[in-house]
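Dear colleague,

A summary of the findings comes after it.

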Amino acid sequence: MGDFLLMRGDTRGALALYEAELERARRLAARDADNVTWRGELLPRYEKVGRCQRLLGNRSAARALAETQLRTATELLAKAPEHRGWRFAWARAHMALASLDADKAPAVRTREHLKQALAVLERRSREAPDE
């Protein structure tokens with residue numbers, strides 16, 4: 001439903017739904033911190049809430065969510081380095097940070113985020129060229 005609202009231009013409505021989904025996922029993950037599946041469910045929720053925050057001009061909130069997404073994906077990948085979904089969430093967090101850094105941070109930092117994301121995408125292209 002949040003995706004539909006966002007597509008229709010209701011960013012605040014989508015944000016409210018995405019935040020509720022994120023809160024439910026956080027509660028579930030908190031029940032068992034070692035359950036990587038539950039923790040993995042946080043990744044797309046961080047991304048969706050962060051995208052809405054970015055669209056609404058809340059750059060600091062968007063940055064905090066992208067950093068949390070990156071940190072969580074890094075922790076999960078330490079346990080399962082070949083998990084494609086987590087690798088892509090890690091790459092998308094780098095892309096979000098690059099976007100947020102584009103006009104505020106030194107170019108070298110933006111470039112490093114893009115370089116990290118590109119490495120994941122190039123690896124995917126080598127592994128599954130027809131996808």
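This is a predicted model: local features need pLDDT of at least 70, side-chain atom pairs count only at pLDDT 80 or more; totals for chains, interfaces and linings use all residues.

Residues are numbered from 1 along each chain as its sequence is written, and side-chain values use heavy atoms, with hydrogens and water left out.

Helices are DSSP runs of H or I with at least four residues, numbered from the N terminus. Helix α2 comprises residues 11–31. The buried residues of α2 are T11, G13, A14, L15, Y18, L22, A25 and A29, where buried means under 20% relative accessible area, exposed over 50%, and partly exposed in between (1.4 Å probe, protein chains only). Their cover includes α1 (2–7), α3 (36–40), α4 (42–55) and α5.

L17, also in α2, counts as partly exposed because its relative accessibility is 32%. Beyond its neighbours within four places in sequence, L17 is in contact (heavy atoms within 4.5 Å) with M1, G2 and L5. The C-alpha atoms of L17 and G2 are 5.7 Å apart, although 15 residues separate the two in sequence.

A nonpolar core is a set of buried Ala, Val, Leu, Ile, Met, Phe, Trp, Tyr and Cys residues joined through side-chain atoms within 4.5 Å. The largest such core has 16 residues, and L43, L70, W86, W90 and V120 have the most contacts inside it. Two or more residues each come from α5 (59–79), α6 (84–101) and α7 (107–127), with α6 giving the largest share, 8 residues. A second, separate core of 13 residues includes L6, A14, L15 and C52.

The whole structure holds 6 salt bridges, each defined as a side-chain nitrogen of Lys or Arg within 4 Å of a carboxyl oxygen of Asp or Glu. One of them joins K48 to D3, with the closest N and O atoms 3.3 Å apart; K48 lies in α4 and D3 in α1, so this pair ties together parts 45 residues apart in sequence. Another joins E47 and R92 at 2.7 Å, N to O. Here E47 lies in α4 and R92 in α6, so parts 45 residues apart in sequence are tied together.

Yours sincerely
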